[in-house]
Amino acid sequence: MTIEEMRRLERRYAVPVYVRSPIEFVRGEGTRLWDPEGHEYLDFFAGLSVHNLGHCHPRIVAAIREQAGLLAGSSNLFYSEPAMRLCERLSVSSLGGKVFLCNTGTEAVECAIKLARKHAHRRGIESPEIVTLDGGFHGRTLGALAATPRLARDDLFGPLPDGFVAVPRDDPEALRAAIGPRTAAVMIEPIQGEAGIVLIADEILIGAREACEQHGAVLIFDEIQAGMGRTGSLWAYEQAPVRPDVITAAKALGGGLPVGAVVTAPELGDVFEPGDHGSTFGGGPIAARAAIETLELIDDPVLLGRVRELGERFRLGLEALEPVTEVRGRGLMVGVSLVPELDAAAIRDRALALGLVCNVPGRSMLRFLPPLTIAEADIDEALDKLRRALA
Ligand SMILES: Cc1ncc(COP(=O)(O)O)c(C=O)c1O
């Protein structure tokens, strides 16, 4: 099917919520993608930080194939070893409490919101509030949307759930003032991905942690984009000055399959009771086995060390590009701002025509989220293609 034919089907049958580049990828291996004509692309987007081990990693493919031939699922009303092993793996590798498995990032965020609210009600707070930061992105369902100030449009999707307060992401005083006796949680994306890769300052993270301690509120880190090795540690919080009480994970966790998770600190492990929450597909064995393999492969000090080194090399290379005014990021989660006269979407399209996949998160910005398995040569190739796209 040609792009034109797909466009016709899209216009007639697909809800028009996406702006797509006119290209189809039909095969992937490692850092590379191919279109139907066999043109090769270097993937510096990884399906928006999903394919952190590159495309079609043989161990993940084998686990999925094997489990698909055994049993696709039996519901959460029975036991399933992959789900229990995944809960253990996630807990032991992070906050040490309990884990809820779901399918997407936004679902993980919804679960974290419910958990924080129930925790607050148990502390006698009648109308709990969740404090968020401007620029944060937490998802598209109603709770997650209400927690995403940039998109929380009451005029379009209202009434949105009450109980969300947004503060500027760089104002410690405003943050402290917003956290009080009604605060159930502070939810922070420690490196804001959709905002164009913006690191939240240590001062803000420390302020949030201290104010949460003071008022008994829960500190939630949304690690859906920044987690799973992306920044050079398994979880982004490991490089932060504070430890959250809850993390949300998704995207790369499933090794390409839809998996989300909420991990709690031990003291929050029993906030939910039977019936409080659930998900038909959450923790299904195919996805859970893919996630276990992914965690095993990413939670590797050698790989994570390489992410930090390669990130440094890439950022230095980007800084040397003429129209780049700012380079932001940690590990292989990298964003740049370009001189305002440049149309970032046109640069992305030119890069694509040269065989490099990257993304435009906002005006005059480019975002790079390559597989964590890239080599030095891939970085040099990406920089060369970008240089030509910017020329
Ligand atoms: C930080 C963050 N939180 C939540 C989400 C929502 O995840 P999903 O699209 O899997 O629902 C995203 C997706 O981009 C994200 O980047």
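Predicted model: local features only at pLDDT ≥ 70, side-chain atom pairs only at ≥ 80, totals over all residues.
View 1. The residues of the shell around the ligand comprise 5 nonpolar, 7 polar and 3 charged residues. In total, 15 residues surround the ligand. The closest of them are Thr 104, Gly 105, Thr 106, Ile 224 and Gln 225. Helix H5, which spans residues 105-122, supplies the largest share of this shell, namely 3 residues.

**View 2. The open sheet S13-S14-S16.** Three strands form this sheet in the order S13-S14-S16, and their pairing is antiparallel. Strand S13 (324-330) and strand S16 (365-368) each have a single partner strand and stand at the edges, so one side of each is left without a neighbour in the sheet. On average, neighbouring strands of this sheet are turned by 15° against each other, direction ignored.

**View 3. Pairing of strands S14 and S16.** Strand S14 covers residues 333-338 and pairs with S16 in the antiparallel sense over 4 bridges. Within this pairing, Gly 335 has Arg 367 of S16 as its bridge partner. Helix H12 (residues 344-353) packs on the sheet and touches both S14 and S16. The direction of helix H12 makes about 40° with that of S16.

**View 4. Helix H11 across strands S13 and S14.** Helix H11 is formed by residues 301-319 and lies across S13 and S14. Relative to S13, helix H11 runs at about 170°.

How values were computed
Residues numbered from 1 in each chain as written. Pairing = 2+ DSSP bridges. Helix = DSSP H or I, 4+ residues; strand = E, 2+ residues; numbered from the N terminus. Axes fitted to C-alpha atoms, helices over the stretch in contact; angles between N-to-C directions. Contact = placed C-beta atoms within 7 Å. Near = placed C-beta within 6 Å. Nonpolar A, V, L, I, M, F, W, Y, C, P; charged D, E, K, R; others polar.
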